[in-house]
Amino acid sequence: MSNTIAIVGCGALGGVFAGLLGSAGLDVVAVCRSEEQSNILAERGLLLIENEKETQVRLRAAPELPEAESFALVLVLVKAFDTEGAAASVARRVSPKTPVLTLQNGLGNAEALVARLRPEQVLAGTTTFGAQREAPGVVRLTGRGECVIGAWHRSAERHERPVAELLSRAGVPCTVAHNILPVLWKKLAVNAVINPLTAILRASNGELLGRPELEPLFSDVVEEVWRVAARYKIGLPTPPELVEEVRRVCRVTAANRSSMLRDVEERRRTEIDSINGAVVRLGRERGVLAPANLTLTTLVQVLSSPSRDPGATTQMGSGTADSMAPRR
Ligand code: PAF
């Protein structure tokens, strides 16, 4: 039985998982699209920082999955808009018997994997681990969390326990949910509030809690997620409970700069279309309007549009957006 885990995607979370699993003694292959990044990892290894502790982790790295190799697990952690490409590459190189797990943000990832892979190999899930990429080859673990995973189709259920046990043994606590959809949508509700608001306001997750004027917006966004989910027969906790969950995540990840904030700051494409944009799209398909999610989608699209002057935030006035932003 193979001891090798392939991690497709070398962003903050991909790096942290590679570091954790590699330091637990597993053979890790990190698949990084950028050749520069994969060379750095292959030559120097990965530096995993947690509080004051630094661990140098040896791992293999390549711009493509190695051919003719068997894996215990393929973990997909690319940005949501790159899942289709990742799925195509996994389909070419990985046996249909290998479990493939997505822990990405947003909706549509498992669907993109299933479109290319066998349904009996696809698992989906969420993670509450906090990660930050400090430099190429250097990642910071900003908070230990857990994973919840489940089969996308019933035919993949046989992979649930072995994958959860593999991750748990390697220091990544992982439980199985028999219906993964509500788990993914609950995380979606959290991301739909935290990610665009932190990106628009240039605020850390914790700073969102210091602004009572944002409360009605929290409620509107999660209420829309809840209504759209209900039209797809996905049962979620009540909207007030979801708002409480958003607040809880803001508290436990208070110092985090969300992935979307970092994408906007570094002028990279964001995952807005798979988060708030997906709520709007799926709502439209079932006749549910989601105006708060639509507004946030539009604002983040404008913020991250390539034609936008990088200095524009400072010219937008000295209101909330500016006053919440620690200037760098
Ligand atoms: O995308 C992120 O940054 C994370 O999913 C979350 C939960 C918002 C914490 O920062």
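**View 1. Two domains make up the protein.** Domain 1 spans 4–178 and domain 2 spans 182–303; the bounds come from an automatic or database domain assignment. This is a predicted model, in which local features need pLDDT of at least 70 and side-chain atom pairs count only at pLDDT 80 or more, while totals for chains, interfaces and linings use all residues. Residues are numbered from 1 along each chain as its sequence is written, and side-chain values use heavy atoms, with hydrogens and water left out. The C-alpha centres of domain 1 and domain 2 lie 24 Å apart. Each domain gives 19 residues to the contact (heavy atoms within 4.5 Å).

**View 2. Domain 1 and domain 2 bury surface between them.** The buried area is about 1600 Å² (accessible area, 1.4 Å probe, that two parts lose on being put together, summed over both). Carbon and sulfur atoms hold 56% of it. On the domain 1 side, F81, N105 and L107 lose the most area to domain 2. Together they make up 42% of what that side buries.

**View 3. Polar pairs and one salt bridge cross the domain interface.** K79 and D263 form a salt bridge, with their closest N and O atoms 2.8 Å apart (a side-chain nitrogen of Lys or Arg within 4 Å of a carboxyl oxygen of Asp or Glu). The count between domain 1 and domain 2 is one salt bridge. Eight residue pairs, both at pLDDT 80 or more, are in polar contact across the interface (N or O atoms within 3.5 Å; within protein, one must be able to donate a hydrogen and the other to accept it, and residues adjacent in sequence count only if both atoms are side-chain atoms).

**View 4. The ligand has ten named surroundings, N105 among them.** Polar side-chain atoms lie 3.0 Å from a ligand oxygen for N191, 3.1 Å for N195 and 3.4 Å for N256.

**View 5. D82 forms a salt bridge with R33.** Their closest N and O atoms are 3.2 Å apart. D82 sits in the loop between β6 (73–76) and α3 (83–93), and R33 in the loop between β2 (27–31) and α2 (35–44), so the pair ties together parts 49 residues apart in sequence. Helices (H or I, at least four residues) and strands (E, at least two) are DSSP runs, numbered from the N terminus.

Note on methods
A residue is near a molecule or strand if one of its heavy atoms lies within 4 Å of it.
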